[in-house]
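Please keep the sequence and the structure open while you go through them.

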Amino acid sequence: MPRSMKSFEKVRALQHTLPEVEEGTMYGGAALKTRGKMFACMATHRSAEPDTLVVRMPFHERDRLIASNPATFYLMPHYVGYPCVLVRLGGVSPRALRGLLHLAGFEIVKSGVRMPCPKYVPGLAELMNDALGRLPLLE
């Protein structure tokens, strides 16, 4: 079994505790999805460290997590423009990982994944995703 699949077992073990979650793939790696939308997957870009999970979240939450625990949460230049954080699976407890995955999956359900500005543009991304993303014409 490849190393990344073995690492994903830690994530897979929590899948049954999360509502509306299914397993799938994204960019050739194992992923968790809610309503068909990915909220966590194994990092496949070469810049990420081995055994790294990519978890979707708002930019401000990502920055807060990285500042609070840089040994576990980090970011590489490839991922800067995307609403996600990189998680070193070896450095996160099952309880913390479950909470992180629960919040990431909830964000997908809550927001309906309507992101008019999926790339980070300071000031503009928050405005477009928070305000315009709620408008019914974007459904």
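1. A word on terms comes before the details: two strands are said to pair if DSSP finds at least two bridges between them, and strands are DSSP runs of at least two residues, numbered from the N terminus. With that in hand, please bear in mind throughout that this is a predicted model.

2. On the overall plan, the protein has 4 helices and 6 strands, and when these are read along the sequence they follow the pattern α-β-β-β-β-α-β-β-α-α. Of the 139 residues in the protein, 38% are buried. Among the contacts with a separation of 6 or more, 47% are made by residues 24 or more positions apart. The accessible surface comes to about 7900 Å², and carbon and sulfur atoms account for 61% of that surface.

3. The pairing of β1 with strand β2 (residues 29-34) is antiparallel and is made by 6 bridges. Two of the residue pairs can be followed on the model: Glu22 stands opposite Lys33 in β2, and Val21 has Thr34 of β2 as its bridge partner. Strand β2 is mostly covered, with 6 of its 6 residues buried.

4. Strand β2 is also joined to β3, by 4 bridges, and these two strands run antiparallel. Here Thr34 stands opposite Lys37 in β3, so that, on the definition of a pair as at least two bridges, the student can trace one such partner within a pairing that meets it. Further on, strand β3 (residues 37-42) pairs in the antiparallel sense with strand β4 (residues 52-56), over 3 bridges, and in this pairing Cys41 stands opposite Val54 in β4.

5. In the hairpin of β1 and β2, which has 2 residues between the strands, Tyr27 takes a positive phi near 55°. In the hairpin of β2 and β3, which also has 2 residues between the strands, Arg35 takes a positive phi near 55°. Arg35 is found in the loop between β2 and β3, and with a relative accessible area of 53% this residue is exposed.

6. Is Asp51 buried or exposed? Asp51 counts as buried, because its relative accessibility is 19% and the cut-off for buried is under 20%. Asp51 is placed in the loop between β3 and β4, and Asp51 has a positive phi of about 60° although it is not a glycine.

7. The loop between β3 and β4 also holds Ser47, which is partly exposed, with a relative accessible area of 22%. Which residues does Ser47 touch, not counting those up to four places away in sequence? They are Met76, His78 and Tyr79. The C-alpha atoms of Ser47 and His78 are separated by 7.3 Å, although these residues are 31 residues apart along the chain.

8. Turning to the cysteines, the count comes to 0 disulfides. Cys84, for its part, is in no disulfide, and its nearest cysteine sulfur is that of Cys41. Both residues are covered: Cys41 counts as buried at 4% relative accessibility, and Cys84 is buried with a relative accessible area of 5%.

9. A last point concerns the aromatic rings. A search of the whole structure finds 0 aromatic pairs.

Note on methods: Residues are numbered from 1 along each chain as its sequence is written. This is a predicted model: local features need pLDDT of at least 70, side-chain atom pairs count only at pLDDT 80 or more; totals for chains, interfaces and linings use all residues. Side-chain values use heavy atoms; hydrogens and water are left out. Rings of Phe, Tyr and Trp (its six-membered ring) pair if their centres lie within 6.5 Å; planes under 30 degrees apart count as stacked, over 60 as edge-to-face and the rest as tilted. A disulfide is a pair of cysteine sulfur atoms within 2.5 Å. Buried means under 20% relative accessible area, exposed over 50%, partly exposed in between (1.4 Å probe, protein chains only). Contact means heavy atoms within 4.5 Å. Accessible areas come from the Shrake-Rupley method with a 1.4 Å probe; for residues, only the protein chains shown count as cover.
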